[in-house]
Amino acid sequence: MSTQTHTAAGPAAPARTQAASHHGRLDAVGYLTCLGGIVRRELLRFFNQKERFFSALVRPLVWLFIFAAGFRNTLGVSIEPPYQTYVLYEVYVVPGLAVMIQLFNGMQSSLSMVYDREVGSMKVLLTSPYPRWTLLLAKLIAGVTVSVVQAYAFLAVAWFWETDIPPMGYLAALPAFVASGLMLGAIGLLLSSMVRQLENFASVMNFVIFPMFFASSALYPLWRIRESSETLYWICECNPFTHAVQLVRFALYGQFEPLACAVVLGTTLAFFTLAVIAYDPGRGIMARRGGPAGDNS
């Protein structure tokens, strides 16, 4: 009787072991589940923090409704691509202000990464069996999703200000917004790997956000800057934020800017690679200072 029981149970044991092994395997379904969970958590956090949504719109709307009205006659833009005619200042600044939302969101997402990495959910996720680059990519995609929602909310408000964006431009600009959001989010990820305490992150943001934003083509065309300073002009040309703005600006008017696209994609790849290395507990910044999961390698 015991022999029969043993014989009957024998084939079932390997089957259960094989099923359990398959269940714990890191396959495509597992990666998608991980990505979906991180994106869903970021979206829920965003929609539950309504003040975050409105505060993200305050800065660009103040610049559009107040500063642009005052500078309308002073800083009108002559005919230059992608514009086919003379445009008012408020029309020119809309793409730059939309990307500015993504810049601030990228830095705010990296700020939350500092918190989550030390005491939040990412502290647990970074010790999971999933490759670290997939977790960082999921976090990056989650931040981009939120930034694109905020950018289009701003464009919806700016539409009532007669910004002369063609209807198809809103759809054509979606890939450009995704690309610029990925670039700015990757920069934020690398910054978050260098900062351990939340108190230090505000000063780091000031050294990154404001130089990137003001030394760019977001608020004024580069030919105006070149008239006053050749050195500042080349600084703006080398600023990846300038190319993110130009990519979105051309896309909103149904045009493609290949140089801007190449710079944005190359910068994204470079900074994301550096962020993955920095978060590697074996060889990155985390290893040198004993960051989260440093003892897990």
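Me: Which residues are exposed on the other side of α13?

Reply: Leu259 and Leu269 are exposed on the other side of α13, where exposed means over 50% relative accessible area, buried under 20%, and partly exposed in between, with a 1.4 Å probe and protein chains only. Please keep in mind that this is a predicted model, in which local features need pLDDT of at least 70 and side-chain atom pairs count only at pLDDT 80 or more, while totals for chains, interfaces and linings use all residues. Residues are numbered from 1 along each chain as its sequence is written, and side-chain values use heavy atoms, with hydrogens and water left out.

Me: Which residues of α13 are buried, and why are they said to line one face of the helix?

Reply: The buried residues of α13 are Ala260, Cys261, Val264, Thr267, Thr268, Phe272, Ala275 and Ala278. Looking down the axis of α13, these buried residues fall within an arc of 140°, so they line one face of the helix; the arc is that of the directions from the helix axis to the C-beta atoms. In general, an α-helix has 3.6 residues a turn, so residues three or four places apart point the same way.

Me: Why is leucine 189 called buried, and what does it touch?

Reply: Leucine 189, which lies in helix α8 (residues 174-194), has a relative accessible area of 4%, and therefore counts as buried. Not counting residues up to four places away in sequence, leucine 189 touches Ser110, Met113, Leu136, Leu140, Phe272, Ala275 and Tyr279, where contact means heavy atoms within 4.5 Å.

Me: Why is arginine 40 called exposed?

Reply: Arginine 40 is in helix α2 (residues 28-48), and because its relative accessibility is 58%, it counts as exposed.

Me: How do you know that cysteine 236 is too far from cysteine 238 for a bond?

Reply: A disulfide is a pair of cysteine sulfur atoms within 2.5 Å, and the sulfur of cysteine 236 is 9.4 Å from the closest cysteine sulfur, in cysteine 238, so the two are too far apart for a bond. Cysteine 238 is likewise in no disulfide, and by this rule the count comes to 0 disulfides. As for accessibility, cysteine 236 counts as buried because its value is 1%, whereas cysteine 238, with 65%, is exposed.

Me: What kind of contact does the side chain of glutamine 246 make with the side chain of serine 217?

Reply: The side chain of glutamine 246, a residue of helix α12 (residues 240-252), makes a polar contact with the side chain of serine 217 at 3.2 Å. A polar contact is a pair of N or O atoms within 3.5 Å; within protein, one must be able to donate a hydrogen and the other to accept it, and residues adjacent in sequence count only if both atoms are side-chain atoms.

Methods
Helix = DSSP H or I, 4+ residues; strand = E, 2+ residues; numbered from the N terminus.
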